[in-house]
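Please keep the sequence and the structure at hand while reading.

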Amino acid sequence: MALDGRRRRLALGLLLEAGEIDEDHPVDVFVETDPARQAAAVLLTNTAVPVHVADVIAAIGRMLKSKLTVGVIAKALGYAEIEIKRLAALSGLPSAALLALKGGRLTLKQARLLARLPEKAEQAELAEAALAGHGFQDWRILERLDDARITTHDRRCALVDQAAYSDAGGRTESDLFGELAPVLLDPDLLTDLWLKRARGIAAVFEAEGIAVHVTAGPEPDLPDDLEALGYVYGGSLPAEAMARYRAEMEVYTARVEAARQALADRAPPDVADLALVDMIHARIAADQTGCGGRVVTTMVMWPTARAGVEVRCYTPEEPEILDEDPEAEKPADGPPPHDAYLAPEAAALEPETEGVNHALHAVRTDVATRALARALADDPSAALTALIARLFTVIVLRTRVARSEAALAILATGFNPAGGRVIETLDGEVRRRLDDRRAAWQASGETVIAWVHGLGHGDKMGLLAEITAISLDLREEKTFQIRRSARAEATELAALCEADVTVHWTPDAPFLQPHSKALLMDMLEIMGSANDRARTLRKTELVDWVAEQAAARTWAPAALSWRAPVEDLPGADADGVEDEDGSAGDAEDGDDDGVGAFAVTEAGEAALGPVAA
């Protein structure tokens, strides 16, 4: 009889003070040993409904207004002071927020997010919208918070650790609720520390005569006569030089990993800087080999999360040698195709242009093109079909015909747009195969026709597939420049070679960077890996996280696939396709934070905590 016993003891105390009884007054005490009756004695029958966390927050707010301190409240409730501070922070929310929380229109995590907004008017507006049933958009608040804070996930922190930042006087603010990464309150100091250490690394190369530009922000303006060095492909190098270039790239990759490991292990600055210097030397050696021995004269360094610093090498441009004007293209002889006939086209997926700008659309179609090129290169039969179709279009239908200096009047151009990049595991692999073919031809000492004629049937088909694949071009520069005929052909080719981009590649940082945070969060939702931690990340950190999750799940966005749905394929029977059962997976999980009632501890004190049913 824990509750009634307290009242009886107070009454006996009053009788003792009044002199009605003395210290030796006998009192009967009953000890209950049955657990069920013990529980029944602790909880009254009229308190079966647990106290909602919104009522707890409101009660703590009233306690604070009555001049009770956090320590006093924590001691009275038998709870840790940090928990009382967290609930006290929520007590300052507008009344509409607490009503929405109690009515299930707002979760406790969303209430904590709302409490982080500095403007009370904005808090009230969002709370009233949630109370009215219009929902609560977490990502909008997170984006606003991201714009005004630098966290420990910043790329500069790979080179400047938390200890160095604190020793220099940098201030750090921890999240009261323990959900967000610590905020660095002195970002300028962080930049200065990164620049100081990066310039120490740059001094090594400046002593070697290389002009080094160190930046933690926008790239500096460089002279127009400099050419950026990067991936080497095609026939730009002889076979021996290409072999040396690949060997240098392997050394560079190994040294990047060594530098990353040194930074991850918090090695002393001199040891880690030596690893970074070795990494940059390997990059310079690879770039100079890839450009035919031209000397690197300029470098740009900026922060990166992987190895602390990233570099791009530049060399003076070589003077351009102008060729003679080629002969103007002339239309083919013969009558044009009949205008009244419209060739049928395969059904193709409509492009995703909602919320997508031109630059992102170009990136998507660029990567999708390279993915299909890799799939086509691995399927000579499909490539042969594509080539024959192209020959039929050019010669029989007499469209897009032009003269050239070769015996066969077939025009072909390798896919290499100015705004794109070679992806090693996709079109990069196709270009490497063609480089190997070129080296084999040079070693034979034969003419091209004689060498091709001497190849086995399998080698001929493989070469045909590679050349056909590298001429594939499905890039679209603008969202309103949709190449529907090309998309229709790509749909058929993708079905023929069973193209799947995830076999060789998953989204990486350069691909994900042009996407907005909302689109990145949509990707995580589709992968089933969206969580509160991801919503608190800055854009650069979120890009790295999405890339990691995509690699772990072998996943790529549907926008990179040219495959049509089953119901859109010719001959597909819509009635024969079984619908997926989503009855179990569509249920929305509840947001149970484990807080919502007053319980009684073993010591007999009131505490906040869950109540078992």
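## The chain as a whole

Of the 613 residues in the chain, 36% are buried, where buried means under 20% relative accessible area with a 1.4 Å probe and protein chains only. The model is a predicted one, in which local features need pLDDT of at least 70 and side-chain atom pairs count only at pLDDT 80 or more, while totals for chains, interfaces and linings use all residues. Residues are numbered from 1 along each chain as its sequence is written, and side-chain values use heavy atoms, with hydrogens and water left out.

The chain has 23 helices and 9 strands, taken as DSSP runs (H or I of at least four residues for helices, E of at least two for strands) numbered from the N terminus.

## Packing of α11 and α13

Helix α11 (residues 187-206) packs on helix α13 (residues 269-290) at an angle of about 50°, the axes being 10 Å apart; axes are lines fitted to C-alpha atoms over the stretch in contact, and angles run from 0 to 180 degrees between N-to-C directions. The contact (heavy atoms within 4.5 Å) involves Arg197, Ile201, Val204 and Phe205 of α11, and residues of α13 including Pro269, Asp273, Leu276 and His281.

## The aromatic pair

The structure contains 1 aromatic pair, ring centres within 6.5 Å being the criterion. The ring centres of Trp505 and Phe511 are 5.6 Å apart and the planes lie at 80°, so this pair is edge-to-face, the term for planes over 60 degrees apart. Trp505 and Phe511 are both buried.

Notes: Phe/Tyr/Trp six-rings, centres within 6.5 Å; stacked < 30°, edge-to-face > 60°. Buried < 20%, exposed > 50% of the residue type's maximum accessible area, 1.4 Å probe, protein only.
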